[in-house]
Structures are given as structure tokens and as C-alpha cells.
Amino acid sequence: SVLAFVGVGAFNSAALFTYVSASPALFIDHFGQPPAAFGWIFALNAVGLVIASQLNRLALSRHPPATIALHGSAAALCFAALMLAATLAGFDNMAITMVLLFLALGSYGFVSANASALALGAMPQRAGSISALLGAGAFLFGALASAVTAPFAGAGPLAMATAMAAGFLGAMFCIRIAVRA
């Protein structure tokens with residue numbers, strides 16, 4: 001089950017790094033926003049992630065981390081899939097993209113910390129090794145997703161929405177395996 005949690009972190013990071021690498025070209029080149037406006041857009045999504053992380057802390061007083069991670073993963077996948085569907089249907093405007101990105105990235109805040117805590121708690125005697133696996137998996141998958149997605153970001157949200165949906169789908173698959181074990 002530890003490796004499944006490592007997979008959750010790796011796929012989640014693929015979705016996050018896709019956003020980080022693709023969003024400048026998407027918002028500046030495709031949506032025509034000035035660089036200063038992009039800074040505010042990026043900050044808004046960062047605030048969403050922080051809010052979700054704080055809400056996660058409150059949710060932990062009532063729900064086990066596995067349940068929160070599972071529901072957060074499902075929400076992230078749902079919002080990324082909606083972004084992909086909207087893009088494919090021709091509704092790739094900036095407002096829809098921003099709202100769905102905010103919600104998908106916020107959902108990420110309920111998954112990452114809980115998956116890491118569950119992985120580390122599964123084998124506390126190997127916490128250092130597990131932490132290294134979590135970090136290596138996250139950066140490897142994040143780098144691969146960024147390299148594949150970023151070159152296409154200026155053409156619109158399709159590449160980013162596809163990669164984020166794929167990342168969140170992989171995370172959902174892994175979290176379902178991890179919580180069953």
C-alpha cells in the first residue's frame with residue numbers, strides 16, 4: 001500500500017506541475033493576459049490550495065485521512081474532467097478555465113498531505129526512505145508531465161486539461177488501491 005500512496009503523490013504532482021508549467025503560456029499567450037495579471041491569477045490558485053489545506057486540517061478532526069484523500073481525489077478528477085469536457089465542447093474561455101482550475105487545484109490540497117501521511121504512517125520505521133520515494137516520484141512525474149504539456153499550452157487549455165485529468169485519474173486509481181489494502 002505504500003507504493004500506491006507514492007503513486008497518488010506522483011500522479012497528483014503530475015497534475016500540479018502541468019498547471020505550473022502550462023499556465024503562463026495559456027493565460028498570457030492564449031487568453032491574452034498581461035504578465036502582471038497572470039501573477040494575480042497564479043496567486044489566486046495558490047490561495048485556493050492554501051484554503052483547501054486549512055480546511056483539510058479541520059476535516060481531519062472528523063474524518064480519517066484516507067476518506068478525505070479519496071474524496072479529494074474524486075473531486076480533483078471531476079473538476080479536471082469538466083475542464084477537459086468544456087474545452088472539447090468549445091467552452092475554453094478564461095472564466096470557465098479559471099473556476100475549474102481553482103476547484104481542481106483546491107481539491108489537490110485534500111489529497112497530497114493525507115496521502116503522504118498515510119504512506120509515512122504505514123511504515124514509520126522507514127519514514128526516510130518513504131519520504132525519498134514520495135519526493136522522487138512527485139518530481140519525476142511532474143517533470144515528465146510538464147515536458148509533455150508545456151510546449152502546447154499556448155494553443156489553449158486542451159493539453160493542460162488533458163494532462164491534469166490524466167494525472168488526477170492516475171491518483172484516483174492509486175488511492176483506491178491504497179485504501180483497499
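Asn12 is buried, with a relative accessible area of 1%. The model described here is a predicted one. Asn12 lies in helix α1. Leaving aside residues up to four places away in sequence, Asn12 touches Tyr108, Val111, Ser112, Gly167, Phe168 and Ala171.

Two of these partners, Tyr108 and Phe168, also belong to the contact of α4 with α7. Helix α7 comprises residues 158-180, and α4 packs with α7 at an angle of about 25°, the axes being 12 Å apart. An angle under 35 degrees counts as roughly parallel, and α4 is therefore roughly parallel to α7. The crossing of α4 past α7 is left-handed. On the α4 side, Leu101, Ala104, Leu105 and Tyr108 take part, and they meet Met160, Met164 and Phe168 of α7. The residues of this contact comprise seven nonpolar, no polar and no charged.

Helix α2 covers residues 35-59, which is 25 residues. At 1.5 Å a residue α2 should span 36 Å, and its end C-alpha atoms are 36 Å apart, so the two values agree. The buried residues of α2 are Phe38, Ile41, Asn45, Gly48, Ala52, Asn56 and Ala59. An α-helix has 3.6 residues a turn, so residues three or four places apart point the same way. The buried residues of α2 pack against the helices tabulated below.

| Helix packed against by α2 | Residues |
|---|---|
| α1 | 2-30 |
| α3 | 65-88 |
| α4 | 94-108 |
| α5 | 112-122 |

Notes. Residues numbered from 1 in each chain as written. Predicted model: local features only at pLDDT ≥ 70, side-chain atom pairs only at ≥ 80, totals over all residues. Heavy atoms only, no water. Helix = DSSP H or I, 4+ residues; strand = E, 2+ residues; numbered from the N terminus. Expected span 1.5 Å × (residues − 1). Buried < 20%, exposed > 50% of the residue type's maximum accessible area, 1.4 Å probe, protein only. Contact = heavy atoms within 4.5 Å. Axes fitted to C-alpha atoms, helices over the stretch in contact; angles between N-to-C directions. Parallel < 35°, antiparallel > 145°, perpendicular 65-115°, else oblique. Left-handed = near helix turned anticlockwise from the far one by under 90°. Nonpolar A, V, L, I, M, F, W, Y, C, P; charged D, E, K, R; others polar.
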